[in-house]
Amino acid sequence: MTIPETNMVPLDTISAKLVWLRDRYWRFGQEETLDDALLDLFEVDDEGQMTDEPRRDPLTGETEGLMVLGMSGGGKTALLKRTLRANPILTEFSIDEPGNTLFITVPPEATIKKLAEIILSETGYKKIDPRLRAADAWEMARHRLGVVGICAVVIDECHHILRPGQGRDVLAAIQALKHIMQSQHPVALIIAGVPALRDALLSEPSGETYRRFSELHLASIRPGTRSARLFETNFRKSAEILGLDVDEADDFPERILFATGGQIGKSVKLAKNILRGAVTRQRDTLCLESAERVFRKSNVQHTLTPFDTAPWPEVRKELEAMGWGP
Ligand SMILES: Nc1ncnc2c1ncn2[C@@H]1O[C@H](COP(=O)(O)OP(=O)(O)O)[C@@H](O)[C@H]1O
Ligand SMILES: [Mg+2]
């Protein structure tokens, strides 16, 4: 389903409102940064528009990589998926849909061989011999990317394959990533994960793989920044579409960002839960008491919360004095 982002009319049924709210992506200002970083991975045409041809080093033929880093719940997956919906060039590939970008999510226990098998299977190659060696599985996987016309591979939760442990070969995993960028069929590589992903790549003594990646760090939303203003706009606009009155003096967006330490995923989730609570109870106004109840459901231990009904500057001062953290 595509969700129009502008000129929206208020929705009338509860179920329509809840579906709309659930699927709504909240821009937070990193969309342009990601688009900009992606532009560098591909050739541009004479209008300066990105093409689907990965940029290759003229001497080695190798492509480039981008590393998207952020805390868990920091909004990496949501941002990448949203980019694949919005970017005019990169579209998500699946066996049933045409597309040029393969999006892989690494399961927590996956080994490097498992990842190659996932690529094979996602690209429609089902006759995988379990006795296949990891190196051969990777060679087939890289070949497969060419066969189905992939120009970009996104490996989400990539830190999982670089975790040390028994029977796990971190160096081989790092090199498998490098080989994707050295493949005969050129593909740009985007990897996403927690900051430990970067550290893991740096553990390769030659640093060869690490230097092929540029980095995009998703930071938390700090008060007073453009991201904070975008968050506020998203919140107000969503409330309006849902038919909820919000008193500006209640400072909901600031309280929510404070409550979650500005972590994008957590902030959006809390904001949506507060809005959802009001919609399901058929309220027409948002109040701090019910926001506090929503917050307490997953944060029972606090005596004073950011949703206390006193004016926000006072509440914040008191919370800060208590050394409050989410
Ligand atoms: N910009 C956003 N708009 C709407 N929901 C978001 C946004 N960013 C994150 N979320 C939601 O927050 C949660 C955590 O985000 P996610 O992208 O999974 O984080 P990460 O991949 O960094 O761990 C998810 O439920 C996701 O849908
Ligand atoms: Mg994720």
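In this predicted model, helix 10 passes helix 11 in a right-handed crossing. The contact of helix 10 with helix 11 is made up of 6 nonpolar, 3 polar and no charged residues. Helix 10 also gives the most to the shell around ligand 1, with 4 residues, and the points below therefore begin with that shell and with the two domains between which ligand 1 lies.

**The shell around ligand 1**

- There are 15 residues around ligand 1, and those that come nearest are Gly75, Lys76, Thr77, Ala78 and Gly265.
- Two elements, helix 3 (76-86) and helix 10 (264-280), each give two or more residues to the shell around ligand 1.
- Sorted by class, the shell around ligand 1 holds 6 nonpolar, 7 polar and 2 charged residues.
- Ligand 1 lies between domain 1 (30-217) and domain 2 (221-321), because both domains give residues to the shell around it.

**The two domains**

- The domain assignment of the protein gives domain 1, covering 30-217, and domain 2, covering 221-321.
- The centres of domain 1 and domain 2, taken over C-alpha atoms, are separated by 36 Å, and the contact takes 5 residues from domain 1 and 4 residues from domain 2.
- On the side of domain 1 that touches domain 2, the residues divide into 2 nonpolar, 3 polar and no charged.

**Helix 10 with helix 11**

- Helix 10 packs with helix 11 (residues 288-298) at an angle of about 125 degrees, and their axes are 9 Å apart; the two helices are therefore oblique to each other.
- From helix 10, the residues Leu270, Asn273, Ile274, Gly277 and Ala278 meet Ser290, Ala291, Val294 and Phe295 of helix 11.

**Helix 4 with helix 5**

- The axes of helix 4 (residues 112-122) and helix 5 (residues 134-147) cross at roughly 30 degrees and come within 8 Å; an angle under 35 degrees counts as roughly parallel, and helix 4 and helix 5 are therefore described in that way.
- Helix 4 passes helix 5 in a left-handed crossing.
- In this contact, Ile112, Lys113, Ala116, Glu117, Ile119 and Leu120 of helix 4 meet Ala134, Ala137, Trp138, Met140, Ala141 and Arg144 of helix 5.
- The contact of helix 4 with helix 5 has 9 nonpolar and 3 charged residues, with no polar ones.

**Helix 8 with helix 9**

- Helix 8 (residues 226-241) and helix 9 (residues 252-259) pack with their axes 9 Å apart and at an angle of about 120 degrees, and these two helices are therefore oblique to each other.
- The crossing of helix 8 and helix 9 is right-handed.
- Where they touch, Ala228, Phe231, Glu232 and Phe235 in helix 8 meet Phe252, Pro253 and Leu257 in helix 9.
- The residues of the contact of helix 8 with helix 9 divide into 6 nonpolar, no polar and 1 charged.

Note on methods
Residues are numbered from 1 along each chain as its sequence is written. Chains are lettered from A and ligands numbered from 1 in the order in which they are written. This is a predicted model: local features need pLDDT of at least 70, side-chain atom pairs count only at pLDDT 80 or more; totals for chains, interfaces and linings use all residues. A residue is near a molecule or strand if its C-beta atom, placed from the backbone, lies within 6 Å of it. Ala, Val, Leu, Ile, Met, Phe, Trp, Tyr, Cys and Pro count as nonpolar, Asp, Glu, Lys and Arg as charged, and the others, Gly among them, as polar. Domain bounds come from an automatic or database domain assignment. Two residues are in contact if their C-beta atoms, placed from the backbone, lie within 7 Å. Axes are lines fitted to C-alpha atoms, for helices over the stretch in contact, and angles run from 0 to 180 degrees between N-to-C directions. Angles under 35 degrees count as roughly parallel, over 145 as roughly antiparallel, 65 to 115 as roughly perpendicular and the rest as oblique. A crossing is left-handed if the near helix is turned anticlockwise from the far one by less than a right angle, and right-handed if clockwise.
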